[in-house]
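Thanks for coming, everyone. I have one structure to walk through today.

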Amino acid sequence: MIVNCQFKKSERLTSQLVIEKLFAGGNASMAAFPLRIVFMKVEKEGNDESEGNCGKNGNLGGKPLVSILVSVPKKRVRHAVDRNRMKRLVREAYRLNKYILWEALEGKDYRLALAFVCITDTLPTFYAVNKSMKKALIRISEKLDVNANSNPDSQ
RNA sequence: GCAGCCGGACGGUCUGCCGCUGGCGACUCUACGGGGUCGAAAGAGGAAAGUCCGGGCAGCACAGGGCAUCCCACUUCCUAAUGUAGAAGCAGUCCGCGAGGGUUGAGUAAUGCAGAAGAAAAUAACAACUGCCUUCGGGCAGAAAUGGUGAGAAGGUGAGGUAAGAGCUCACCAGCGGCGCGGUGACGUGUCGGCUGUGCAUCUUGGGAGCUGCAAGUUCAUGUAAACCACCCGACAGAGGGUAGCCCGUCCGAGUUGACGAAGGUCUGAGCAGCAAUGCAACAGGGCCGGGGCUCAUGCGGUGGAGGGUAGAACGCUUGAGCCAUGGGGCGACUCAUGGAGUAGAUAAAUGGCAGACGCGCGCUUCGGUGCGUACAGAACCCGGCUUACAGACCGACUGCUUUC
RNA sequence: GGAAGUAUGGGUGAGCGGUUGAAACCAGCACACUGCUAACGUGCCGAGCCGUAAGGUUCCGAAGGUUCGAAUCCUUCUGCUUCCG
């Protein structure tokens with residue numbers, strides 16, 4: 001299969017409940033310079049069974065494996081133009097590198113919620129964002145495997 | 001040629017690959033709500049910004065009048081627009097050699113205030129001046145010419161006049177009023193007249209103002225939902241509402257429309273609630289009772305309180321006081337007629353990424369090229385105006401300096 | 001998106017257009033007290049610039065304006081805070 005480079009609106013994280021949970025604390029976060037990444041596992045729930053029926057024409061049909069949000073604080077980046085540009089760069093970098101996470105999540109029984117928060121004052125180039133995005137996604141997928149092994153102990 | 005000033009109009013272009021958003025068409029899945037794939041077109045501004053004004057639009061409130069409160073104020077015009085809005089002007093003042101630019105602008109009859117300084121801040125006499133009296137200390141009277149203070153000192157300058165002086169008189173100038181002329185008008189100008197403090201507030205005159213804002217608001221879904229708690233209430237009347245600024249008379253008045261009417265009434269049943277059957281519809285219903293009275297508190301209604309729920313969805317939402325062209329009117333803002341083109345609508349929020357070519361500016365240059373840069377800034381209901389930010393570049397009118405004829 | 005408020009010494013925070021460049025508290029410096037320190041008490045500097053000093057001058061977020069006179073009134077910007085489902 002060719003690497004899926006689409007990024008539809010359904011992959012956006014828009015639920016207020018999930019977002020509040022994500023930022024409430026206790027979730028893993030890491031810094032990759034222009035960004036800080038917060039992520040959380042979301043268990044597949046009962047309504048996923050109905051999803052399974054739809055899911056036969058590809059995972060695009062049902063709920064996506066990963067949903068993300070991008071946030072750029074107004075305090076760091078003053079102008080709306082620059083905030084929009086920062087979000088676009090992050091989204092584009094995620095779009096091109098999302099296959100890393102999707103491969104890691106193949107066959108797992110949970111989904112992921114990710115938040116990218118900008119922690120820089122100056123606009124970086126696309127190359128810088130792309131590079132750190134790749135690194136960060138690889139690190140996350142490594143961590144997932146570690147957590148999967150250690151999860152039964154902690155719970 | 002250089003520098004400037006005003007007005008208008010613009011603010012990058014093209015190609016390839018990978019994406020995003022809403023609609024359209026085809027195919028497809030479906031729990032019939034909608035989802036997926038493919039296709040060809042569309043997808044930020046002159047300021048989208050600030051939110052400083054004005055409107056449209058929406059909800060709530062509201063018979064009417066007066067007072068109070070708040071806002072506005074040169075003139076004429078334009079507009080949907082009532083505005084420290086816009087256009088064209090007028091007057092004062094400041095800046096500029098100038099083209100021009102900034103800013104202020106109803107009235108002053110009455111009342112009040114004006115720190116410090118100064119004799120005195122408006123019925124003016126401190127010093128000096130003049131006259132008279134004198135016990136030589138000074139006193140009385142005249143007088144706004146002199147003094148310094150101050151933002152402002154009793155119109156200014158000069159001459160005459162006088163005991164000394166004074167618009168007391170005259171000439172010129174500034175201001176005010178009457179008349180003539182010009183202008184729609186603010187005002188300008190000529191002439192005549194009397195002789196005239198500054199600022200602020202109250203005040204006077206004229207005009208205007210209900211409140212909240214698309215997170216307005218509407219519909220659907222979810223919810224035991226016509227859910228729960230408290231209070232009010234049914235005509236011998238007045239709790240209350242209009243009216244949480246006050247007053248006057250007046251009106252409504254216990255879910256509700258219209259007509260007659262002023263009666264503890266009559267007629268209609270158009271209305272309201274509910275999926276429906278049906279229920280309610282200006283003193284309904286039940287119990288006791290011969291009747292009145294008394295008691296109970298179910299349903300409907302009103303007000304307040306305390307809660308629950310949402311990945312909530314849809315509408316509002318983009319055709320509008322809109323845009324462009326030509327012609328007519330106007331100095332202009334603008335307006336009239338005719339014709340034409342016409343999908344941005346997101347909602348943790350689309351309009352992007354990469355690569356290359358061109359254009360423009362600056363630097364280097366062996367004039368072949370080459371390096372760097374390419375502004376301010378991102379729709380959120382929609383318009384009009386203002387303000388602020390802005391690389392570059394175009395058109396037109398005008399000004400100053402310089403050169404040539 | 002819409003609607004309000006606020007900015008004054010190093011910090012908090014009063015302030016009628018007129019003695020205000022600044023009330024008050026904290027902080028700082030000096031003195032006094034103490035064996036030494038803290039606290040209490042007294043006084044001073046209050047922020048820049050010029051000056052040895054006396055003193056002069058500029059400042060109430062920034063820039064314009066009104067006024068004889070502005071921290072205060074008006075306009076435009078800047079920062080911060082709050083509210084509206």
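I'll start with the overall layout, then go to the core, then to one helix.

First, a caution: this is a predicted model. Chain A has five helices and four strands. Along the sequence, the order is α-β-β-α-β-α-α-β-α.

How much of chain A is buried? Of its 155 residues, 19% are. Now the contacts. Take those between residues at least 6 apart in the sequence of chain A: 79% of them join residues at least 24 apart.

On to the core. In general, nonpolar side chains tend to be buried together in soluble globular proteins. Here, the largest nonpolar core holds 28 residues. Phe39, Val90, Leu114 and Phe116 have the most contacts inside it. Which elements supply at least two residues each to this core? β4 gives the largest share, with six residues.

Now look at α3. This helix has 18 residues. From first C-alpha to last, α3 reaches 26 Å, close to the 26 Å expected at 1.5 Å a residue. Its buried residues are Met86, Leu89, Val90, Ala93 and Tyr94. Viewed down the axis of α3, they fall within an arc of 130°, so they line one face of the helix. The general rule is 3.6 residues a turn in an α-helix, so residues three or four places apart point the same way. And the face of α3 turned away from the buried side? Ala80, Val81 and Asn84 are the exposed residues there.

Notes
Residues are numbered from 1 along each chain as its sequence is written. Chains are lettered from A and ligands numbered from 1 in the order in which they are written. This is a predicted model: local features need pLDDT of at least 70, side-chain atom pairs count only at pLDDT 80 or more; totals for chains, interfaces and linings use all residues. A residue is buried if 20 or more other C-beta atoms lie within 10 Å of its own, exposed if 12 or fewer, and partly exposed in between; C-beta atoms are placed from the backbone. Two residues are in contact if their C-beta atoms, placed from the backbone, lie within 7 Å. A nonpolar core is a set of buried Ala, Val, Leu, Ile, Met, Phe, Trp, Tyr and Cys residues joined through C-beta atoms within 7 Å. The expected span of a helix is 1.5 Å times one less than its number of residues. The arc is that of the directions from the helix axis to the C-beta atoms.
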